[in-house]
Amino acid sequence: MPVSLGQLAVRFGCELRGNPDTNIERVASLGNADARSISFLGNPRYRQQLAETQAAAVILDAASAAHCPVAALVCANPFATYARIADVLYPAPTAPPGVHATAVVAESARIDASAHVGPLCVIGERAIIGARAVIGAQCVIQDEVQIGADTRLVARVTLCRGVQIGPRCLFHPGCVIGADGFGFAPEARKWVKVPQIGSVRVGSDVEIGANTTVDRGAIEDTVLEEGVKLDNQIQIGHNVRIGAHTAIAACTGISGSTTIGARCMIAGMVAMGGHLDICDDVTILGTSMISHSITAPGVYSSGIPFEDARTWRRLVGHFKRLGQYADRLKKLERRAAEDLPEQDEEDD
Amino acid sequence: MPVSLGQLAVRFGCELRGNPDTNIERVASLGNADARSISFLGNPRYRQQLAETQAAAVILDAASAAHCPVAALVCANPFATYARIADVLYPAPTAPPGVHATAVVAESARIDASAHVGPLCVIGERAIIGARAVIGAQCVIQDEVQIGADTRLVARVTLCRGVQIGPRCLFHPGCVIGADGFGFAPEARKWVKVPQIGSVRVGSDVEIGANTTVDRGAIEDTVLEEGVKLDNQIQIGHNVRIGAHTAIAACTGISGSTTIGARCMIAGMVAMGGHLDICDDVTILGTSMISHSITAPGVYSSGIPFEDARTWRRLVGHFKRLGQYADRLKKLERRAAEDLPEQDEEDD
Amino acid sequence: MPVSLGQLAVRFGCELRGNPDTNIERVASLGNADARSISFLGNPRYRQQLAETQAAAVILDAASAAHCPVAALVCANPFATYARIADVLYPAPTAPPGVHATAVVAESARIDASAHVGPLCVIGERAIIGARAVIGAQCVIQDEVQIGADTRLVARVTLCRGVQIGPRCLFHPGCVIGADGFGFAPEARKWVKVPQIGSVRVGSDVEIGANTTVDRGAIEDTVLEEGVKLDNQIQIGHNVRIGAHTAIAACTGISGSTTIGARCMIAGMVAMGGHLDICDDVTILGTSMISHSITAPGVYSSGIPFEDARTWRRLVGHFKRLGQYADRLKKLERRAAEDLPEQDEEDD
């Protein structure tokens, strides 16, 4: 749906430098844009691409506006404004109200008349689905699940018994919310299953990626607060609590009973232990092993960048000999101290 | 279903200190329990919470019983007893015998009359489903799969062609058992697919978590022995064999043809190489890289805990200079040896 | 379907040493083979097993042929020849042309008459499914997806809106192709979703493992070129491009906008950062953290093999003290330089 630059400027509070009647049909990167595209500059590093762009217009901030060779939508946060404009140009596919004839819906389920239930869904007893919610094809909604208004399950989402989802959430295919936590009591060298009787509560505006799993609580609930964003293939253990607006990248695992604060940013393939407390505003870099609690906002890390395999093997060899090196260092220091008796001996 | 303390004590062989007629309706943590709840103390560390609990009764061991301010169920293994009592108070949802009208079942499949096949399942040719098995909504059971008695597939489980599952197993949504192993023969800088003609055999009492994958064997079978417990998002490669009662936490990957012994405990996000032998009773801590076989029971590890990013960067810098440091150490030792010619020179 | 050694030799260009009329019914490992089995020797390390094999015949190379106690099919690449022979003996299950009565197919979808659409599939508007394609049970094919000829989706595959799949691909259960990339613009300490308007394009002969996820592009497309092989539970971020015939093992994650060249081999649980360029013919060993681009073919690594936990804890302690050790080393060098003023002081 084409829209004019003037309309975009008014709607999103941008200063327009250029012809308000120019129609925009699509978004594109600076390098691939044409006369019907709008692009954006989110990072001054790409000013060279800005100089050469063929876009009809570019969304950028005041500092970059002077370098823009085409029409400009000037605003404080070009990336966020781009996101909103892209949403206008590429609206999410609509889904008609009603329940598809092939869906299997329990009699006691309460589905708002404005909600969409797609083909081959299964909706359990006493489930409640809110206004304008979209339940895509082949979702499994078990008994007593509650889904808030305007929440969208793209397709093939599984919500296990009693899970509660807030409004305006977006869940991607293959995610499983509310499977049993991993709880077993050891006895006589075997395992006794511990029933997982808590549930999962998800706040508003939460996005959950494809094939991500969020386990139900052992006794109390697992909780994702409002605005949490989870990428694909994340594992959230039982009784975890994740604070508002925290974002977690793909392949990260959070062990049971850990609490993560608000506005944290956790990168990919991070392994977080159980029963930890991570305070608000913590950033954790990729592949970190988080083995104890974090009490101060800041950036944390434990990944070691790669080398060519031969160099790396040598480094690992040195690493494995660190105890020997430390001993040798201390021995040298002792000798030096004997040679120079007027100096104190150092100890670690 | 409420149950009296007296009934619980008799049924689970506990010593009851308190009124046998007190009715219990639910379980709760020590801190959240009320007069209708039973709680448990699994770890003496939480005795402070015990002192303040409002529970009707607490399950604990003899050593802690004297500290219990309310009724006590005294037993040797409070956590296992708790698990069994929770199972009484929160029985797994029942599923009526019979095949749902929307399931697609091959004529040659043999489904026990007491088994449940849920809505929109697909059951292939010559599949066999045992007594009281529960096949939840939308499972795909391919041709010639066998499922033992009392096994429960929660929903959306995929069992590929010919997979054999023992009795009393519990499989969570999204798990895929028996997809092809990753086998390709290199030829002319391309890959020739190696047919994966083995299958997967799973023993009794195995639990498999959400979105976990267990590949079929290349020639012979992949095997999970009885009592194995797999958490979510675990990957088990082709021809792996996992011994009885071994438990593996989420996000761990086991490469092809590795054999793991009985009663091992493998933590989360462990990466295990292929063609290894891990003996019985091995514990592996989180994020370890297991690159060679383990022949002695014990605890193994290779994760490095995080630091703040600035400290970490410096540590990585030092790590990358270890070769240089080792050279400088040796040089100092040589000089010291020259100064003290009566001592032997050290070499690494 | 039994086949004679003579037929196999002719069909696959092997030199036959033995009776061409011997019938082969199955494949087996050297150790488990019987008189109706064919086996192979891919690695001279297993010559002892060759000496004892009961197989009817063994596929091997000229150098090993002299050691073969039974009939031999001699060829240059025994593993690739084995793969082709196994494919003859164990043909993929056939699927009859036509659309299962329980599939839900949009009117505007174009499904080739020779294609198979299995039970309970959902096929969206304007989807195109090519000749002899096999869409297994419960697949979700969203609007405008295109699937090439002879491509096989085993079961429960999700292809999101507009995804394009080439011919002769093989996708395993639970994989999700084309879910939204993880894109959010920060604003006022919250996140604004960035519409993911690119798609995914997959070339010919690509295999994708169970529960692997490949995200759609943010603006342009995510691309897997011909012959790419992805194992299970891999995460491919938005706008990644993977070159032809690159193979990636399980649990690896590739962050957004990274480009990987042709013929790379990436092992399991590798974490690759975003916006990187990895050139052709790169091998990356398991658990590596790839934090910057790679411009030269070769083998790269960053995993540290495990130790027993006590030894490991000490090594980590030394690692955390590396800064202190470096300081002490420099101090010793300064003293030594003072003792030997005629030598230059070393600095790092």
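Predicted model: local features only at pLDDT ≥ 70, side-chain atom pairs only at ≥ 80, totals over all residues.

Below are my entries, in the order I looked things up.

**Entry 1: the core.** Which residues have the most contacts inside the largest nonpolar core? I found A:Ile141, B:Ile141 and C:Ile141, in a core of 253 residues. I picked B:Ile141 and listed what it touches, leaving out residues up to four places away in sequence. The list reads B:Cys121, B:Val122, B:Ile123, B:Gly124, B:Ala127, B:Ile135 and B:Leu159.

**Entry 2: how the copies are related.** I superposed chain C on chain A, and that takes a rotation of 120 degrees with 0.0 Å of shift along the axis, at an RMSD of 0.1 Å. The two copies are therefore related as by a three-fold rotation axis. Chain B goes onto chain C with a rotation of 120 degrees too, again with 0.0 Å of shift and an RMSD of 0.1 Å.

**Entry 3: do-over on the surfaces.** I compared which residues the copies use to meet. Only 16% of the interface residues of chain C are also interface residues in chain A, so these copies meet through different surfaces.

**Entry 4: where B meets C.** I zoomed in on this contact, which takes 57 residues from chain B and 61 residues from chain C. On the chain B side, the elements giving two or more residues include strand S21 (176–179), strand S26 (213–215), helix H5 (309–320) and helix H6 (322–339). Which of the elements gives the most? H6(B) does, with six residues. I also sorted the chain B side by type and got 27 nonpolar, 19 polar and eleven charged residues.

**Entry 5: strands across the gap between chains.** I found S39(B) pairing with strand S40 (residues 307–308) of chain C, in the antiparallel sense, over two bridges. What is the bridge partner of B:Ser301 in S40(C)? I traced the bridge and landed on C:Glu307.

Note on methods: Residues numbered from 1 in each chain as written. Chains lettered and ligands numbered in written order. Core = buried A, V, L, I, M, F, W, Y, C linked by C-beta atoms within 7 Å. Buried ≥ 20, exposed ≤ 12 C-beta atoms within 10 Å, placed from the backbone. Contact = placed C-beta atoms within 7 Å. Least-squares fit on C-alpha atoms with pLDDT ≥ 70 in both. Helix = DSSP H or I, 4+ residues; strand = E, 2+ residues; numbered from the N terminus. Nonpolar A, V, L, I, M, F, W, Y, C, P; charged D, E, K, R; others polar. Pairing = 2+ DSSP bridges.
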